[in-house]
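This report describes a single protein chain for a reader who is new to structural models. Please keep the sequence and the structure in view while reading.

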Amino acid sequence: MSTEAVTWAMDDAPMLLTDKGKPDTTSRHVLQALAEHAHKDGGGAHPSALRIQYRTGYDRRTVQRALRRLETGGLIQKTGETSGRTIWKLALHLKRPATDWADLEREEESERQAAAERKRRSRAKRVTHSTSVTVTESASVTDGDVTHSASVSHALEMRDVTHSASGRHALNAALTTNQPSVEPPTTTGADVGGEGAGPRALPQNAPIDDDGFALTDAMRRWALDTFGPAIDVDYETAQFVDHHRAEASRRNNWPTEWQKWIRRSAKWASERQQRPPLRAVSGGAWRPYTNPVDVSAYENGF
C-alpha cells in the first residue's frame with residue numbers, strides 16, 4: 001500500500017459528479033480501495049472485484065459501473081492483467097481545483113445563515129402584531145396630563161383612577177384622582193368590607209406588562225364613540241390591567257381582550273340601570289318594587 005496513492009485518492013483526486021451534478025461518492029470509495037493496492041507511482045493496483053466488494057460493501061455490478069466511470073473520467077487506466085485481474089494505474093498527476101474547498105465553505109456558511117433565519121422566523125411567529133395599536137412618538141405629545149416614561153412598555157403609568165366602596169365596576173363613583181404611579185399598580189382589599197386586608201402578593205412584572213399592553217388614543221376613541229360617557233375608560237382599563245396582572249394572564253391580542261372587557265362592563269352597567277329598586281318587607285327581607293305605585297312610593301321617599 002502506498003501512502004501517496006491513498007492520500008491522493010482521499011484528498012487530491014478530482015471529484016467525479018453524477019448526472020444530477022452531485023458528488024459521485026460510490027466511485028470515490030472504489031478509487032480509495034484501488035489506492036490501497038497501488039504502488040508509490042499509482043501503478044500496479046490489481047485487487048479482485050471480490051476484494052473491492054468486501055472493502056466497500058457494494059455489489060459486483062455497482063463496483064463494475066464505478067470502475068467504468070473512473071476510467072471514463074481519466075482517474076484510472078488499464079495497464080495489463082495478472083491472474084485474470086485487471087491492473088490499474090492511478091492518475092496521481094490530476095489534482096482537484098482549490099476552489100472545491102472554498103465552495104464547501106461557502107455552502108456551509110449559507111446553510112448556517114439559513115438555519116439562523118429559520119430560527120428567527122420561528123420566534124417571530126410567537127409574537128402577535130396588532131394593527132389596532134398605535135405607537136405615538138413622545139416628541140409629538142403636547143398634552144399636559146401625559147407623563148413621558150423612559151420605558152415604552154408601561155403606557156399606563158399616568159391614568160385616572162376612580163375609587164369605589166364596591167369591588168365591582170362602580171361607574172357612577174364621584175371621587176376621581178389623577179396621580180402618576182411610581183411602581184406598577186397593585187390591587188388591595190382595603191376598599192372591600194371596610195377593613196383593609198393588606199396588599200396581596202402580586203407579581204410586579206406580569207405577562208401583560210411583558211407583552212407591552214398600552215391604552216392608545218385609538219382605543220379610547222373607540223370606547224367613547226361606542227358607549228359614550230356610560231363607561232369610565234381609565235377606571236375600566238385600570239381594573240383590566242390589575243386583573244390580568246394578578247392572574248399573570250397571557251393573551252395573543254391584548255387590545256381585543258380589552259375591548260371584550262369594555263363591552264362586558266357596559267352590559268353590566270346597563271343591566272344595573274334596568275333593575276327595579278328594592279323595598280323592605282316583613283321579616284327584614286327585601287324585594288323589588290313590582291308596580292308603578294311601589295316605584296312612585298320609592299321615588300317620593302315612602
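## Helix α8

Most of α8 is covered, as 11 of its 15 residues are buried; buried denotes a relative accessible area under 20%, exposed over 50%, and partly exposed anything in between, with a 1.4 Å probe and protein chains only. Among the buried residues of α8 are Val 233, Tyr 235, Phe 240, Val 241 and Arg 245. From its first C-alpha to its last, α8 reaches 21 Å, close to the 21 Å expected at 1.5 Å a residue. The expected span of a helix is 1.5 Å times one less than its number of residues. Helices (H or I, at least four residues) and strands (E, at least two) are DSSP runs, numbered from the N terminus.

The model is predicted: local features need pLDDT of at least 70, side-chain atom pairs count only at pLDDT 80 or more, and totals for chains, interfaces and linings use all residues. Residues are numbered from 1 along each chain as its sequence is written, and side-chain values use heavy atoms, leaving out hydrogens and water.

## Two residues with positive phi

Most residues other than glycine have a negative phi. Just after α8, however, Ala 248 takes a positive phi of about 55 degrees. Ala 248 belongs to the loop between α8 (233-247) and α9 (254-274), and its relative accessibility of 38% makes it partly exposed.

Ser 83 also has a positive phi, near 55 degrees. Ser 83 is placed in the loop between β1 (76-82) and β2 (85-90). With a relative accessible area of 66%, Ser 83 is exposed.

## Nonpolar cores

A nonpolar core is a set of buried Ala, Val, Leu, Ile, Met, Phe, Trp, Tyr and Cys residues joined through side-chain atoms within 4.5 Å. The largest one has 23 residues, and those touching the most other members include Trp 8, Leu 31, Leu 70 and Ile 76. At least two residues of this core come from each of α1 (3-12), α2 (25-35), α4 (60-72) and β2. The greatest contribution, five residues, is made by α2.

A second, separate core of 15 residues includes Ala 223, Ile 231, Ile 262 and Ala 266.

## Confidence in the model

The predictor's confidence in each residue is given by pLDDT, from 0 to 100. The chain has a mean pLDDT of 75, and 65% of its residues reach 70 or more. Over residues 146-203, pLDDT stays under 50. Residues 291-302 also have a pLDDT below 50. Where pLDDT is low, the predicted coordinates should not be read in detail.

Technical notes. Contact means heavy atoms within 4.5 Å.
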